[in-house]
Amino acid sequence: MSFPVDFGILQIGLILLILVAVALLVSALVKMRRVGPRVLLGRGAGGVALLVVAVLLLWVATLMQTYLGLSGEIRAAHVVVREVSGEDHQLEVDLTLYGDDDHSERREKFRVQGDLWVLQANIVELEPWVNALGFHSGYKVTRLYGQRLDGVATTQNQIFLNGDDADFFADMSDGAWWTSPFVRSAYGNAVIGTPGEYDVYISRDAIKARAPGS
């Protein structure tokens, strides 16, 4: 998984905090030569704490750049699914993935094996206090595949929509950064539907499908 950096006002503010923290540390070290090490308990300790918090928050912001912001229920996709005439267990999926200011909208057609369609997303839910600082939980639609009503396994490989997501689950398994105090939960979630037309929504805890306008 790649984590591109896209600096905005929030990231610039965190960098300024880092510079302030470094200035406090340097000032404390210079003053320590004159008045002794006690100054490190005040100005120096404050500088270290500010530096650690700012660096960690900047790191979280960088990691989240690959995800679409999730501040509530988001309409993530639109699907139109039809059975393929004359062929058993075959669906044609017209999929539109919506974007935002940093992600372009995409529309593609796929042939999926099965009687049901499945759309999967990875969701990263941040802690409320991190949301309060201006960061948003995020999601990324990752896979499309089909299922048969009779329970027989399909032979078609799953379709990756935004690149391989193996790193996401490897990091989640290793506890690399999907842990407190910043991340409340990180997981994959899927919606399963019959042929038809749907709007697909993603919230902090689920991906769901509804008829347009409902």
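How much space lies in the largest cavity? In this predicted model, in which local features need pLDDT of at least 70, side-chain atom pairs count only at pLDDT 80 or more, and totals for chains, interfaces and linings use all residues, the largest cavity holds about 30 Å³ of space. Residues are numbered from 1 along each chain as its sequence is written, and side-chain values use heavy atoms, with hydrogens and water left out.

The secondary structure of the protein consists of four helices and ten strands, where helices (H or I, at least four residues) and strands (E, at least two) are DSSP runs numbered from the N terminus. Read from the N terminus, the elements follow the order α-α-β-β-β-β-β-α-β-β-α-β-β-β. Of the 214 residues in the protein, 41% are buried, that is, under 20% relative accessible area with a 1.4 Å probe and protein chains only. The accessible surface, computed by the Shrake-Rupley method with a 1.4 Å probe, comes to about 11500 Å², and carbon and sulfur atoms account for 56% of that area. With contact defined as heavy atoms within 4.5 Å, 63% of the contacts between residues at least 6 apart in sequence join residues at least 24 apart.

Five strands form an open sheet with antiparallel pairing, in the order β4-β3-β2-β9-β10, two strands being taken as paired if DSSP finds at least two bridges between them. Strands β4 (106–113) and β10 (207–210) stand at the edges with a single partner strand each, so that one side of each is left without a neighbour in the sheet. From one strand to the next the twist averages 25°, with axes as lines fitted to C-alpha atoms and angles running from 0 to 180 degrees between N-to-C directions.

Strand β3 (residues 90–97) pairs with β4 in the antiparallel sense over eight bridges, and Arg111 in β4 is the bridge partner of Glu92. The pairing of β2 with β3 is also antiparallel and extends over seven bridges, with Val80 standing opposite Asp94 in β3. In the hairpin of β2 and β3, six residues lie between the strands, and Gly86 takes a positive phi near 80°.

Strand β3 is mostly covered, as seven of its eight residues are buried. Thr96, which is placed in strand β3, counts as buried because its relative accessibility is 9%; leaving aside neighbours within four places in sequence, Thr96 is in contact with Ala76, Ala77, His78, Glu105, Arg106 and Arg107. Val81 lies in strand β2 (residues 74–83) and, at 4% relative accessibility, likewise counts as buried. Although 13 residues separate Val81 from Asp94 in sequence, their C-alpha atoms are 6.3 Å apart in space. Beyond neighbours within four places in sequence, the contacts of Val81 include Leu91, Glu92, Val93, Trp117, Pro195 and Gly196.

The structure holds one cavity of 30 Å³ or more. On a 1 Å grid over the protein atoms alone, a cavity is a set of points where a 1.4 Å probe fits but cannot get out, and lining residues have an atom within 4 Å of a point; the volume is the space filled by probe spheres set on the points, which are joined across faces, edges and corners. The largest cavity is lined by Leu95, Leu97, Arg106, Arg107, Glu108, Phe110 and Leu161. Strands β3 and β4 each supply at least two residues of this lining, and the largest share, four residues, comes from β4.

Notes: Buried means under 20% relative accessible area, exposed over 50%, partly exposed in between (1.4 Å probe, protein chains only). On a 1 Å grid over the protein atoms alone, a cavity is a set of points where a 1.4 Å probe fits but cannot get out, and a pocket is an open set with protein on both sides within 12 Å along at least five of seven lines; lining residues have an atom within 4 Å of a point.
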